[in-house]
Amino acid sequence: VGYYVAVEDGINQNSDSYDNALKSGFIYRSDKVKPYGGNQSASTAQYYKNTMRIQTFEEISSGERFTLSMNHFKAKDSSSDAGNSTRMMNVNHLLSALSSKAFDKDILIMGDLNCQADEEPIQKLISSGYTEQLLYYNANAYSYCYVGSENLIDHALANSSMAMQITGAGVFHLNTYRSSCGTDPGVNEYRYSDHDPYLVAMNLGSYETKDNPDEPVRPGNDALEDISIESVSCQKILLEGNLYIIYQGAIYNSIGQRVRE
């Protein structure tokens, strides 16, 4: 829509089967960045050719570039190692591909990696020089809820040169907020996924060493120059432990969704 454009990846699947229906893709703002080089697979495994993709982007205003790796690793299962061996294959393929296929050395790995930070696949990435940006800005970050437990299985891992250009990272609890471990389970009909979206803000070309902040940072505000903010008069109320806002006769929840006239 408007400035937003999908990267052509050459994937044309005619089958609706599970293995062919999933893929990782890229949508970018054409007035801010442009693809640099081709869209490539990070895996030699047939299924993961579609779900592990690499694309380098160039910032139009500065000419600075970075490589974005989007992934969907193997989910946990009932096998003896719960699918961990396949996720390790995912990681090994990814690291190998990034060393040879990335058109820029500043690399950000994102996606649903289906494991938490202390598990072997993420530890392999960390030992290879990548740092988790979501946990850097909020040590309690989570993106997924399972049986009432909060988990961070969606990640934003940057190598050292990329990390110095990142100014914020965080999860927006638009879906887990209404899940079994959220604070408002009564409006599950508004959920659109079982994972939360998350953002990474960056200032390309800035290589200043960043201090570890004392408080979590809500990311991306510097990049939202097209949004104007005006002061409004509203009333805050607390109902059954949940915060609501009354504005112009309507009631909104704490993330701005109208729940009642």
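The following legends describe an overall view and close-up views of a predicted model.

**Figure 1. Overview of the chain.** The secondary structure of the predicted chain consists of 6 helices and 16 strands. The chain has 261 residues, of which 41% count as buried. Among contacts between residues at least 6 apart in sequence, 64% join residues at least 24 apart.

**Figure 2. Packing of helix H3 with helix H4.** Helix H3 spans residues 84-101 and helix H4 spans residues 120-127. Their axes come within 9 Å and cross at roughly 20 degrees. Angles under 35 degrees count as roughly parallel, and H3 and H4 are therefore roughly parallel to each other. The crossing of H3 past H4 is right-handed.

**Figure 3. Residues at the contact of H3 with H4.** From H3, the residues Asn-84, Arg-87, Met-88, Val-91, Asn-92 and Leu-95 take part, and they meet Glu-120, Pro-121, Lys-124 and Leu-125 of H4. By class, this contact has 5 nonpolar, 2 polar and 3 charged residues.

Figure 4. Phe-57 belongs to strand E4, which covers residues 52-59. Phe-57 counts as buried because its relative accessibility is 4%, and the cut-off for buried is under 20%. Apart from neighbours within four places in sequence, Phe-57 is in contact with Val-7, Phe-26, Tyr-28, Val-33, Lys-34, Pro-35, Tyr-36, Glu-64, Arg-65, Phe-66 and Leu-68.

**Figure 5. Phe-57 and Tyr-28.** These two residues are 29 residues apart in sequence. In space, the C-alpha atoms of Phe-57 and Tyr-28 are 9.0 Å apart, and Tyr-28 is one of the residues in contact with Phe-57.

Methods: Residues numbered from 1 in each chain as written. Predicted model: local features only at pLDDT ≥ 70, side-chain atom pairs only at ≥ 80, totals over all residues. Heavy atoms only, no water. Axes fitted to C-alpha atoms, helices over the stretch in contact; angles between N-to-C directions. Helix = DSSP H or I, 4+ residues; strand = E, 2+ residues; numbered from the N terminus. Parallel < 35°, antiparallel > 145°, perpendicular 65-115°, else oblique. Left-handed = near helix turned anticlockwise from the far one by under 90°. Contact = heavy atoms within 4.5 Å. Nonpolar A, V, L, I, M, F, W, Y, C, P; charged D, E, K, R; others polar. Buried < 20%, exposed > 50% of the residue type's maximum accessible area, 1.4 Å probe, protein only.
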